[in-house]
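User: Hello! I am new to this structure and would like to learn how to read its features. Could you take me through them?

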Amino acid sequence: MAVVPMQRVTVLALRKDRKGILEALQRTGAVDVLDLPVSGDLFEKASMPESRASFKRSVAAAEQALNILNDYCDKDTNLFSSFAGRKPLSVNEYEIFIDERAEMMQSAYRILSMDKRISEIRSEIVKKQGEQAALRPWLSLPVSTDFSGTASTACFIGSAQGEIPLYEIAAQVEEKSGEKGTGVDISVISSSKAQTCIFAVFLKKDEKLYTSVFAELAFSPLSIRTSVPPGELILQYDKDIQNLEEEIAKISKEIRTYAGVRNAMRFMIDYYTMRDEKYEVIGKLLQSPHAFVLTGYLPSGGEEVLRHALRNYEAYLQFDAPDEEEDTPVLLKNNRFAEPVESVVESYALPAKGEIDPTSATACFYYFLFGLMLSDAGYGALMVLACGGALLKFKNMERSMKKSLKMFLYCGISTTFWGLMFGSFFGDVIQVVSRTFFGHEVALKPIWFEPVKDPMRMLMFAFAVGIVHIFTGLALKLYSAVKHQDYGTALYDVGFWYLLLVGLLILLCQSSLFADISGMTITFPALVSTLAAAMSAIGAVGILFTGGRESKNPVKRLLKGAYALYGVTSYLSDVLSYSRLLALGLATGIIATVVNQMGSMMGGGIAGAIIFIIIFVVGHSINFSINLLGAYVHTNRLQFAEFFGKFYEGGGRKFNPFGIHTKYYRIREDQ
Amino acid sequence: MENLGIAFALLGAAFAAFMAGIGSAIGVGKSGEAAAGVLTEEPTLFSKVLILQLLPGTQGIYGLLIAFVCMSQIGVLGGDPNLSLAKGLLYFAACLPIGAVGLYSAISQGKASVASIGLLARRPDQFGKAMIIPVMVETYAILALLISILAISGIGGLAL
């Protein structure tokens, strides 16, 4: 249970060995490389943005190709693939793959270009369909749309808004043209609520007159100009679209023949990610014409591994203890019980320089509180089965996934434990089923008590858990202060608080208020009460005078001390916050009971049993997932706000070693 | 008039369920809009975003919970529905906290969830912090739930 001490490592080697040494370091994945500033004229840095950009482009191309293949082909992964972890790949296979990388990337680009062609065709189809839609009202127009008349006639093809009957158009045209007109032949091509399309023929000498008449009547000429009549054109487009669709089908079929290269695409993604990572490190090296220097952090005890990895190269290795004020990266190391909770601590913050690793204490309370909030033996058993099963089945699982599953496994065990204590197994399913289907009620007796029947007792228990949790937080602050030999903090910020809080607690337990709420009467001997009063007085006075000890001004100091003493109210609200243990525990149990009751409403018999099973499965799935989420987020909250608030700030930088951070393959060292 | 007790008690149960339900519906809806927006850019964040979206949904469950406990206590779900007017009013009062606090806290939590989803979109590694911020709001819904539960379970034993 601790933060792993770090040491500084410096590797000095010849430039000709750079590739080999970096690859060896990348495979060990033990060194967090530092980006040191250049000093002096001898060394310089060579960052290679172009190479890195080209690697990133390759990664993106391979990723896109993989996505395209996944869209077109049957899936080669399933729901459980994420548990299976990265596939191991021997160094030999790795090298064979590397030799074929040019062909692989060619396939990737070929797939991308085919996909691009398909989207081009798709947009062409959409365009044609749009034109078809625009031409559809003109379907029965007997001439082409760019028809302008015969030797002696001219025509007008156009449309106006709204549905206008032919006689109305004819009358209006006649009225507008007056006596000058020599007659016009109007036919309505189509008419709908939106528009009326007409085709009008008149003598060529009247062209000007009639065109302006139609304009006056708000008819606008047709803007589509084609040399084929619309009917034929629509048919032609239908044929074109069919051809285009056939082309899409052909290209899709060709893409599908590439289904087998998906693994190659995954390899390419990994390979270029690795190279990019290597080049990132190259950018951090100090290089002279013939040599280079690499500086980084290494967990203590890693010297031998590093020496062994670099045994074939002429490299000078130096290990130094880091300076006091150096910002070393943080790596946590814990036993198997506490390790899964590291990610929870990390999601808050890693310990800052000099802080203790809170993981072990957090882990104990995490499993405890989680179980108390979910508190149903059935749900707990489900968690244990699901997580345990996955852990047993997928041995090759990624470390982070393994950690979270283990965390939920332990939480599940705790949930089962509390479920049995409170007599809850899928709510009251045993009682309901035995009563409804077998006629006599069998009850699952709680080992301790039933919170639904005695919520005050549960509330008192929740507060007690809270007090223990908060006092543990204070104790960790004490431990940390003593470890740093900061006895002032130990006394002023922890000792006085303990005196005050314990004293107040004893006084509170004897008060009539407590007796009214909890229904318990606790009496201590008179000596204890006097002692408690004295303790809280000493604590309060101590805090008043030391709470603001960093201020020089005595008035300011007292005021700050008074403010610190006022902080006792925050302890009160912290403890009250643990009432969520009761509320969430009751929520799980009561909703489960509701589900069971709804299920049993149809009574016994086969139909009743079927209905019961359906309602049971659906209802409990919903209740389980919602309360799992609730227990998870509220356990985190109690840890982060109430527990960490007492002693832990965090702010450390994560140990991020130069290594192989691939997504799909794990390179196995055979030698 | 003597039957008004049960009417008030059921009114309370309905109030708890619908007020908290409305709040959760608004909260989950708001955060759902933000979640869908993030997913258009980052579909891989689905599971994390879903958790954040669901956070304001618990108030509705708490409302349902109180409504159910209340209904089973007053005998609407089978049993003896004879209730004095005073008891009925007491049940009504006991349902008020989770109804009112559920409504407002779910809406505020929805807003905090929206902000957290935005945070997650930019910093997907900061899920722990993004999650804890909306959870802070829920504390008050839990406190209201607690008072409602304690009050309802206490009323049953009163001789009124």
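**Reading the model, feature by feature**

Analyst: Let us begin with a residue on the outside: Ala218(A) is exposed, with a relative accessible area of 55%. Here buried means under 20% relative accessible area, exposed over 50%, and partly exposed in between, with a 1.4 Å probe and protein chains only. This is a predicted model, in which local features need pLDDT of at least 70, side-chain atom pairs count only at pLDDT 80 or more, and totals for chains, interfaces and linings use all residues. Residues are numbered from 1 along each chain as its sequence is written, chains are lettered from A and ligands numbered from 1 in the order in which they are written, and side-chain values use heavy atoms, with hydrogens and water left out.

User: What is the phi of Ala218(A), and where does the residue lie?

Analyst: First the general idea: most residues other than glycine have a negative phi, and most peptide bonds are trans. Ala218(A) has a positive phi, near 70°, and is found in the loop between α7 (207-216) and β8 (220-221) of chain A. Helices (H or I, at least four residues) and strands (E, at least two) are DSSP runs, numbered from the N terminus. Ser375(A) also has a positive phi, near 35°, in the loop between α12 (359-374) and α13 (377-393) of chain A.

User: Is Ser375(A) buried or exposed?

Analyst: Ser375(A) is buried, at 6% relative accessibility.

User: How do I read a pair of aromatic rings?

Analyst: A pair of aromatic rings is described by the distance of the centres and the angle of the planes. Rings of Phe, Tyr and Trp (its six-membered ring) pair if their centres lie within 6.5 Å; planes under 30 degrees apart count as stacked, over 60 as edge-to-face and the rest as tilted. Over all chains, the structure holds 49 aromatic pairs. Phe55(A) lies in helix α2 (residues 49-72) of chain A and Tyr279(A) in helix α9 (residues 262-282) of chain A, so the pair ties together parts that are 224 residues apart in sequence. Phe55(A) is buried at 6% relative accessible area, and Tyr279(A) is buried at 16%. Both belong to one aromatic cluster, whose members include Tyr94(A), Phe97(A) and Tyr665(A).

User: Which ring does the charged end of Arg266(A) sit over?

Analyst: A charge sits over a ring if NZ of Lys or CZ of Arg is within 6 Å of the ring centre and within 35 degrees of the ring normal. The charged end of Arg266(A) sits over the ring of Tyr664(A), 5.6 Å from its centre. Lys646(A) lies over the face of Tyr571(A), 5.1 Å from the ring centre.

User: Now chain B, please. How many helices and strands does chain B have?

Analyst: Chain B has five helices and zero strands. Its C-alpha trace spans about 60 × 20 × 20 Å along the principal axes, and buried residues make up 49% of its 160 residues.

User: Which residues is Gln53(B) in contact with?

Analyst: Contact means heavy atoms within 4.5 Å. Gln53(B), in helix α2 (residues 46-54) of chain B, is in contact with Val28(B), Ser31(B), Gly32(B) and Ile117(B), leaving aside its neighbours within four places in sequence. Gln53(B) is buried, with a relative accessible area of 18%, and its side chain reaches the backbone oxygen of Val28(B) at 3.3 Å.

Technical notes: Polar contact = N/O pair within 3.5 Å; in protein donor to acceptor, adjacent residues only side chain to side chain.
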